[in-house]
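The sequence and structure come first.

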Amino acid sequence: MGNVIALCNQKGGVGKTSTAVNLGIGLVNEGKKVLLIDNDAQANLTESLGFKKPDNMDVTLSTLMQMVIEEKPFESDMGILHHSEGVDVMPSNIELSGMETALVNIMSRENVLKEYISRVKDDYDYILIDCSPSLGMLTINALTAADSVMIPVQAHYLPAKGLEQLLKTVSKVKRQINPKLKIMGVLMTMVDKRTNLSKDVSSLIRRTYSSNIRIFRTEIPMSVKAAEAAAAGESIFKYDKNGKAAEAYKTLTKEVLGSERIRVRSDIIR
């Protein structure tokens with residue numbers, strides 16, 4: 001049964017989508033079956049994987065969530081796209097913005113995405129949810145569906161400042177809706193070792209939170225190549241396989257796999 005990881009941060013531009021794409025394909029490269037879910041109406045993940053003009057797609061995440069709401073049957077592979085690097089994708093488009101509003105007025109509104117994922121979960125080792133830059137109902141749905149949450153944080157003052165609010169939201173979802181939800185860790189992204197600010201923010205987050213929350217050892221460096229890879233519809237592994245960003249995402253993948261093996265062993269012991 002798939003391990004569901006939500007990548008969340010209400011601040012945009014912190015590397016959520018790049019991390020979802022490159023961690024997902026990194027896991028595929030390690031022999032895992034992976035589904036990426038684009039849970040953002042801006043459809044950045046969808047386009048980053050080369051699926052252009054998502055607004056012209058007939059079936060997206062919004063379609064499947066609406067079918068769940070209306071209790072209509074559907075095949076587990078409906079709407080899933082297959083990327084050339086081996087990862088599967090549930091795309092998004094602008095219709096998802098209407099779903100955010102629609103969810104407010106239905107029963108069990110926090111569980112719609114969870115219900116969809118329950119139909120496909122057995123087909124994958126990992127399901128990564130790329131969340132929108134907000135703490136709205138779609139993000140709450142992702143946290144309700146997830147086993148764990150990864151929090152990408154740009155090594156800059158303002159993105160780091162919003163971390164506290166996100167942690168409060170995660171804690172609230174855990175208390176009230178999803179008691180099994182765990183924080184997998186905080187991932188420092190867009191780290192520029194040449195600047196004192198980047199180094200200072202990274203050190204501050206580690207000092208402030210590391211006693212209670214895991215901070216990944218891996219830090220994702222600032223990389224123009226990563227942005228170019230997204231524009232080309234490829235992972236960093238294909239676009240710039242020998243670069244620093246590719247090496248960092250490869251290390252992150254192994255760190256995630258290592259933490260999963262530890263979790264499984266601890267569950268067996270209990």
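## Contacts of Val186

Beyond its neighbours within four places in sequence, Val186 is in contact with Ile151, Val153, Leu163, Ile205, Ile213, Arg214, Ile215 and Phe216. These contacts, like everything below, are read from a predicted model.

## Nonpolar cores

Val186 is among the residues with the most contacts inside the largest nonpolar core, together with Ile37, Met65, Tyr116 and Ile117. That core has 51 residues. Its largest share comes from helix 6 (residues 137–145), which supplies six residues.

## Positive phi angles

Most residues other than glycine have a negative phi. Ser108 is not a glycine, yet its phi is positive, at about 50 degrees. Ser108 sits in the loop that runs between helix 4 (95–102) and helix 5 (112–120). How accessible is Ser108? Its relative accessible area is 48%, which makes Ser108 partly exposed; the exposed class begins over 50%.

Met190 also has a positive phi of about 50 degrees without being a glycine. Where is Met190 found? Met190 belongs to strand 7, which spans residues 182–191. The relative accessibility of Met190 is 24%. Because buried means under 20%, Met190 counts as partly exposed.

Key
Residues numbered from 1 in each chain as written. Predicted model: local features only at pLDDT ≥ 70, side-chain atom pairs only at ≥ 80, totals over all residues. Heavy atoms only, no water. Core = buried A, V, L, I, M, F, W, Y, C linked by side-chain atoms within 4.5 Å. Buried < 20%, exposed > 50% of the residue type's maximum accessible area, 1.4 Å probe, protein only. Helix = DSSP H or I, 4+ residues; strand = E, 2+ residues; numbered from the N terminus. Contact = heavy atoms within 4.5 Å.
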